[in-house]
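Let us take a walk through a protein model together.

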Amino acid sequence: RRDWMMNWQFNWFGWSFYLAIIACIFHLATAFFAGYQGMNKYLHDTFDYEKVNQEIDKRATLRDSALRNRTPPVERIDMWLEFSIAITVLILLVLAYVLRPIYRPSCLSDLRDVHVVITGGSSGIGKELAKQLLNKHQARVTILARNQKRLDECRQDLAPDNNERLLCLSVDISGAYSAVQKAIEQACQYHGNRPVSILINNAGVFFARAFDETTPEEFEQMIRINYLGAVYCTKACLPYMRQLGSGRIVLVSSQAGQLGVFGYTSYCATKFALKGFAESLQMELARDNIYVTVAYPPDTDTPGLAQENISKPIETQLINETSGMLSAEEVAQKIITSTQKGSFSCWFGINGFLLESLTSGAQPITSTLELIAQTLTIGLARMIIVGILNTFYGITKNKNLKKTK
């Protein structure tokens, strides 16, 4: 019953967001229509041509020539309206120029024979990314992961006929940078000296424990894999992208990289770090025609998540249940689409949109529509998120949950 109530409350916030947007649009349209009708009525009632002409005739004997040569009031009002409209249009054009997208990546519609490197691709989201890129887009894929046994199983699942488009390499991306560099060189040689066009930094580990229960060694391990692993792979692939003259770098973060959550002190820190890394990196690489995408998937139905749920604190489980779950197929498809477009952010669902609006901050934009949506919804999104946070804090402050551990 408690789980049902929390899900109902979250859904209520989500639907209230949609209803509030519709209400705002309706009220704006109503206000505009009423104002337009009122102005028309005011002008016609106040400045009636007949009344003006009668007044002119009455005063014709006194100032005949002066009055008849004057511009009628209605014409003067029309002239001011035209002038105001012209000024408004000019202001909108200036704003459109100032607030134009910072960059406009060209869409990578055809990924056939494009060399894609995926870290942590032996299972979960990474494996699904490799599957779609191989089968649907006919790309050439290199998977980097530590576990050789899992890599062999992955290759058997994805390429049972020994597909030459797939290469699986065992490498610890959190170890020495030279090992990562060597693996990328080997991958390019295997795929006919094709340089890396797309890098998807998907590898990551996860410890869901309270801060007091997380060891310093676990913090260090998570930083090395989740953050430094992405840094090492990006650094190793960049020379090939510059050689090619274009490229895409994807950093798979998490909604926990936008919102602090109970039990995620070590995990959230590494995922938040990816956004700062991405914003700085994009500013450096824009002139090289290389674009960065940060993906913020929610909980995804993977074998890894099932394993993680065993050790999760009860508070973390209850909080995660309010956000729902997506399949690896849905997440992978959205990441690929956003990568092709060159979008800076890749979010999922209504809660993902709310978090994206609130955390967009000073991040680059790739479309004016994206900027308008964030600007118009940020206030409302803040109120809804505060309501959701109250639900989360209600869970974490429940002392009875601590006793049940």
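First, some ground rules. This is a predicted model, in which local features need pLDDT of at least 70 and side-chain atom pairs count only at pLDDT 80 or more, while totals for chains, interfaces and linings use all residues. Residues are numbered from 1 along each chain as its sequence is written, and side-chain values use heavy atoms, with hydrogens and water left out.

Start with helix α7 (177–190) and helix α8 (residues 216–244). Helices here are DSSP runs of H or I with at least four residues, strands are runs of E with at least two, and both are numbered from the N terminus. The axes of α7 and α8 are 9 Å apart, and the two helices pack at an angle of about 40 degrees. Axes are lines fitted to C-alpha atoms, for helices over the stretch in contact, and the angles, from 0 to 180 degrees, are taken between N-to-C directions. The pair is therefore oblique, the word for whatever is left once angles under 35 degrees are called roughly parallel, over 145 roughly antiparallel and 65 to 115 roughly perpendicular.

Which residues of α7 and α8 meet? On the α7 side they are Tyr-177, Val-180, Gln-181, Ile-184, Glu-185 and Cys-188, and on the α8 side Tyr-232, Cys-233, Lys-235, Ala-236, Cys-237 and Tyr-240. Contact means heavy atoms within 4.5 Å. Sorted by class, this contact has nine nonpolar, one polar and two charged residues. Here Ala, Val, Leu, Ile, Met, Phe, Trp, Tyr, Cys and Pro count as nonpolar, Asp, Glu, Lys and Arg as charged, and the others, Gly among them, as polar.

Now compare helix α11 (residues 314–321) with helix α14 (residues 368–396): their axes come within 9 Å and cross at roughly 155 degrees. This pair is therefore roughly antiparallel. The contact joins Glu-315, Leu-318 and Ile-319 of α11 to Phe-392, Ile-395 and Thr-396 of α14. Four of these residues are nonpolar, one is polar and one is charged.

Next, the cysteines. A disulfide is a pair of cysteine sulfur atoms within 2.5 Å, and by this rule the count is zero. Cys-237 is in no disulfide either, and the nearest cysteine sulfur, in Cys-233, is 6.5 Å away. Cys-237 is buried at 1% relative accessibility, and Cys-168 is buried at 17%. Buried means under 20% relative accessible area, exposed over 50% and partly exposed in between, using a 1.4 Å probe and protein chains only.

Most residues other than glycine have a negative phi. Asp-113, however, has a positive phi of about 65 degrees. Asp-113 sits in the loop between α4 (73–98) and β1 (115–119) and is partly exposed at 27%. Asn-193 also has a positive phi, near 60 degrees; its loop lies between α7 and β4 (198–201), and Asn-193 is exposed at 60%.

Finish at Arg-209, in the loop between β4 and α8. Its C-alpha is 6.4 Å from that of Pro-313, although the two are 104 residues apart in sequence. Not counting residues up to four places away in sequence, Arg-209 touches Thr-214, Glu-218, Gly-263, Tyr-264, Thr-265 and Pro-313.
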